[in-house]
Amino acid sequence: RIGTYVGVTNYMGARFSAEPAAMAPIMADLAKRGLLFLDDGTSTRSKAAETSAQAHTAFAGADLVLDATLEPAAIDDRLAQLVSLARERGFAIGVASAYNLSVERIAAFARSAPGDGVVIVPLTTLVGAKKS
């Protein structure tokens, strides 16, 4: 048991997340525990937003997968897209796997972000933020 997490995310569960009846007990348990659900945005069929709302579960949805192509330039391009989206809308959420390359590129981005006028905030700050 650990106590340093704020929620859970889906991973390789497109079929499961498309089934409200399957998601409902998960969302109810998360709500009971005060945890959030982060939808990684990889499935257009996901019903996570709807089932989280019904269960009164804190919810956030990712805008971009940063390391779908595991190459430095591709990750940097996705980070630039994320910044562009955040500037248009006021916020953006990116997800990535814990590959060494992903961590390296995101860490470099995070170091330069303040100088570029980008503020990186905890996911909990964006829970419930509305996408336009």
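**Ground rules.** I number residues from 1 along each chain as its sequence is written. Since the model is predicted, local features need pLDDT of at least 70, side-chain atom pairs count only at pLDDT 80 or more, totals for chains, interfaces and linings use all residues, and side-chain values use heavy atoms, with hydrogens and water left out.

**Confidence.** I looked up pLDDT (the predictor's confidence in each residue, from 0 to 100). The chain has a mean of 94, with 99% of its residues at 70 or more. Confidence is lowest in α1, at a mean of 92, and highest in α5, at 98. Helices here are DSSP runs (H or I, at least four residues), as are strands (E, at least two), numbered from the N terminus.

**Helix α3, residues 48-55.** I found Ala48, Thr51 and Ser52 buried (under 20% relative accessible area; exposed is over 50%, partly exposed in between, with a 1.4 Å probe and protein chains only). They cover an arc of only 100° around the axis, which puts them on the same side of α3; the arc is that of the directions from the helix axis to the C-beta atoms. Exposed Ala53 and Gln54 sit on the face turned away from that buried side. The cover over the buried residues includes α1, α2, β2 and β3, with contact meaning heavy atoms within 4.5 Å. Just after α3, I noted a positive phi of about 60° at His56.

**Helix α5, residues 100-112.** Here Leu101, Ser102, Arg105 and Phe109 are buried. Asn100 and Arg111 are exposed on the face turned away. I found α4 among what covers the buried residues.
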